[in-house]
Amino acid sequence: QVQLVESGGGLVQPGGSLRLSCAASGSIISIYTMGWYSQAPGKQRELVATMTSGGWTNYADSVKGRFAISRDNAKSTVYLQMNSLKPEDTAVYYCNADVFEVGLKRSEYWGQGTQVTVSS
């Protein structure tokens, strides 16, 4: 089993910044893609940003130029630096990992979610 533990959410004013972290632990051999998804009230969960183990990134158009994803593969940790935050960024942010784990199986895992609220 693999666990994803997120941290870094909170309340911030418009224009402010937050940094989210997500650490993976457990029976991990390697992690392919790690990323972040958001879910606002009444909406479907949607992609924010992902990063492969090789460093290839993918961003939602709405966050390009404002958010930056990074990884520390040695620590099995992914980060999301969120700058110039807008009220419409308010959502629960979930970490996601595509993991090759002990037992030679490939599985997808989700974190428990961390709330980000952008409000004055």
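Colleague: What makes β1 and β3 a pair?

Modeller: Two strands pair if DSSP finds at least two bridges between them, and β1 and β3 (residues 18–26) are joined in the antiparallel sense over 6 bridges, so they count as paired. One of the contacts links E6 to C22, its bridge partner in β3. Strands themselves are DSSP runs of E, at least two residues, numbered from the N terminus. This is a predicted model, in which local features need pLDDT of at least 70, side-chain atom pairs count only at pLDDT 80 or more, and totals for chains, interfaces and linings use all residues. Residues are numbered from 1 along each chain as its sequence is written, and side-chain values use heavy atoms, with hydrogens and water left out.

Colleague: Why are β1 and β7 called edge strands?

Modeller: The open sheet has 4 strands in the order β1-β3-β8-β7, paired antiparallel, and β1 (2–7) and β7 (67–72) each pair on one side only.

Colleague: How do you know whether V102 is buried or exposed?

Modeller: Buried means under 20% relative accessible area, exposed over 50%, and partly exposed in between (1.4 Å probe, protein chains only); V102 has 52%, so it is exposed. V102 lies in the loop between β9 (91–101) and β10 (105–110).

Colleague: How compact is the chain?

Modeller: The chain has 0 helices and 11 strands. Its radius of gyration (taken over C-alpha atoms) is 14 Å, close to the 14 Å that the globule rule (2.2 Å times the number of residues to the power 0.38) gives for 120 residues, so the chain is as compact as a globular protein of that length.
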